[in-house]
Amino acid sequence: TLILLIVTFIHIRRKQIKLLEKQLHSDTLTNLPNRLDFQRRLSNLIATPQHNFALIVLDLDRLKEVNDLYGHKVGDEYIKLASIRMQESLRYYDYLARLGGDEFVILLNRFKLDEDLFTVVNRLTTNLANTYQFDGISLFCTASLGVAVFPKDGTNEHELFIHADSAMYAAKKAGKNQAYFFNSALKEKLNKTIKIKANLKSALTNQEFELHYQPKLNPKTRSIEGLEALIRWNHPIEGFVPPDQFISEAENSGLIVEIGQWVIETTCAQAAVLHAEGLLKGNVAVNVSPKQLRTNKILQVVTNALADSGLPPEKLELEITESSLMDESDKTYELLFNLKDLGVSIALDDFGTGYSSLSYLTKYPISTLKIDLSIIHSAAKQDRALLVLRNIYSLAHSINMKVVAEGVETEEQASLLVRYENDLVQGFLYSQAVPFEEARQLLMDNVSKNKISFAI
Ligand code: C2E
Ligand code: CA
Ligand code: CA
């Protein structure tokens, strides 16, 4: 009896351990292997390479949107259906794992020709770009894929993964719903990004950032009413790096909080000089990224920067984007009202590019709407777009908001905006963003020009 008991016990134990092991290596939602299992599989493949193989990083394009619009339950259902479609697109000896969220990886073993690889990748992209039906909801969703081949595109796990991942990002950036194969151009770009990342941390202490200012003008008189501060990075090796290339990295690493603080402090200090000289009719705007807005520090940073510089609060405007408002949390709501109570104004940037949700405009204390350049540019080409532009102005005015039209590049575009004398325009037609001293000179010329026209 004792022996039987022991044997049974061992048997049960073994089964439990096996189950635990399985749980440890699989994703609970899809039952697919998880990140841990994938890492083990990839390192085994690399340690004993018998065939060449390809690593695909696959990212669902619209999961966040699905979650935001329909809730997480629908989001989970979508992940499950998509994972089934992936399985159906693969051969039985291929390997599929879910790393988490909307990210999947595939190991394609044993392909003889590049063509075999293209066939599978094509099948995956096509099968995934389909309508998904559940609970009476019908969604059209797609995926972006990045492919790296061992050993050509990477000889170790880290390298291979980073390269497939960067190809996936390139596919996303190029418009989603497609696959990109890692290549030498992507490699060059990736190397540049790595260098940027490595230096971003020291850029602040090395004082490599600078603020340039782009004028905001009255569309009719073209006198400068205000400015927008735009960050510039003078990289010691790469030279001038535009914000589009490092702001998102600063966001990901969290450095944006410190960089953003520097931007606010420097803007306030420089704007205070202009204000003291009587050059500043309107305000100076700074861009505040979503992550920066979510920190608890922002209110204190703005309060201190205003106090230290002596800049009156109404001379400062914070430009935020719709993505900062999307969580609709009480915290964001409270923060924006606290900022308003300080006396600074809030502008909603890039209006017309995202959801352009009207409910945000009435819910939050936003006093300025910045219309994205894409709207201005199409309004000059198309009657329907012009109608949209006119409606945005009347909507903003109806709720007492001011408008700034961004990215005005031609006289034709400018002519559409002349009638909005109480609003502002901004763009290369009038001036690019220029260093502080140049902006100051522009403002001085502006003042003397106004004096002359007044005298006449
Ligand atoms: P944004 O806030 O929408 O800024 C306007 C961008 O459009 C600027 O690019 C500006 O130089 C450019 N621009 C102005 N007029 C024209 C025009 O007529 N035509 C065209 N095609 N472009 C025009 P920039 O300086 O490269 O900044 C890009 C983005 O980087 C900004 O977009 C903003 O989102 C971000 N950014 C810039 N400075 C900061 C900063 O200090 N903090 C944060 N968080 N983001 C910043
Ligand atoms: Ca802006
Ligand atoms: Ca903008």
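Author: Angles from 65 to 115 degrees count as roughly perpendicular, and those over 145 as roughly antiparallel. The model discussed here is predicted.

Reader: How are H6 and H7 oriented to each other?

Author: Helix H6 covers residues 157–173 and helix H7 residues 184–205, and their axes lie 10 Å apart. The packing angle is about 100 degrees. Angles of 65 to 115 degrees have the name used above, and H6 and H7 are therefore roughly perpendicular.

Reader: Which residues make that contact, and what is its make-up by class?

Author: From H6 come Ile162, His163, Ser166, Ala167 and Ala170, and from H7 come Leu186, Lys187 and Leu190. Sorted by class, the contact of H6 with H7 has five nonpolar, two polar and one charged residues.

Reader: At what angle do H3 and H4 cross?

Author: Helix H3 spans residues 63–70 and helix H4 residues 72–89. Their axes come within 7 Å. The crossing angle is roughly 145 degrees.

Reader: Which residues of H3 and H4 meet, and how many of the contact residues are charged?

Author: On the H3 side are Leu63, Val66, Asn67 and Tyr70, which meet His72, Val74, Gly75, Tyr78 and Ile79 of H4. The contact of H3 with H4 divides into six nonpolar and three polar residues, and the number charged is none.

Reader: Where is proline 151, and is its peptide bond from phenylalanine 150 cis or trans?

Author: Proline 151 sits in the loop between strand S6 (143–150) and H6. The bond from phenylalanine 150 to proline 151 has omega near 0 degrees, and is cis.

Reader: What is the phi of lysine 176, and where does this residue lie?

Author: Lysine 176 is in the loop between H6 and strand S7 (179–181). Although lysine 176 is not a glycine, its phi is positive, at about 65 degrees.

Reader: Turning to ligand 1, which side chains have a polar atom by an oxygen or nitrogen atom of the ligand?

Author: Glutamine 214 places a polar side-chain atom 3.0 Å from a nitrogen atom of ligand 1. For oxygen atoms of ligand 1, the distance is 3.3 Å to a polar side-chain atom of glutamate 228, and 3.0 Å to a side-chain N or O atom of aspartate 349.

Reader: How much of ligand 1 does the protein bury?

Author: Taken alone, ligand 1 exposes 800 Å². The share of that area buried by the protein is 80%.

Reader: Which element gives the most residues to the shell around ligand 1?

Author: The shell has eight nonpolar, five polar and seven charged residues. Strand S9 (224–235) and strand S13 (345–351) are the elements that give two or more residues. The one that gives the most, with four residues, is S9.

Methods. Residues numbered from 1 in each chain as written. Chains lettered and ligands numbered in written order. Predicted model: local features only at pLDDT ≥ 70, side-chain atom pairs only at ≥ 80, totals over all residues. Heavy atoms only, no water. Polar contact = N/O pair within 3.5 Å; in protein donor to acceptor, adjacent residues only side chain to side chain. Areas by Shrake-Rupley, 256 points an atom, 1.4 Å probe, with all protein chains shown as cover. Nonpolar A, V, L, I, M, F, W, Y, C, P; charged D, E, K, R; others polar. Axes fitted to C-alpha atoms, helices over the stretch in contact; angles between N-to-C directions. Parallel < 35°, antiparallel > 145°, perpendicular 65-115°, else oblique. Contact = heavy atoms within 4.5 Å.
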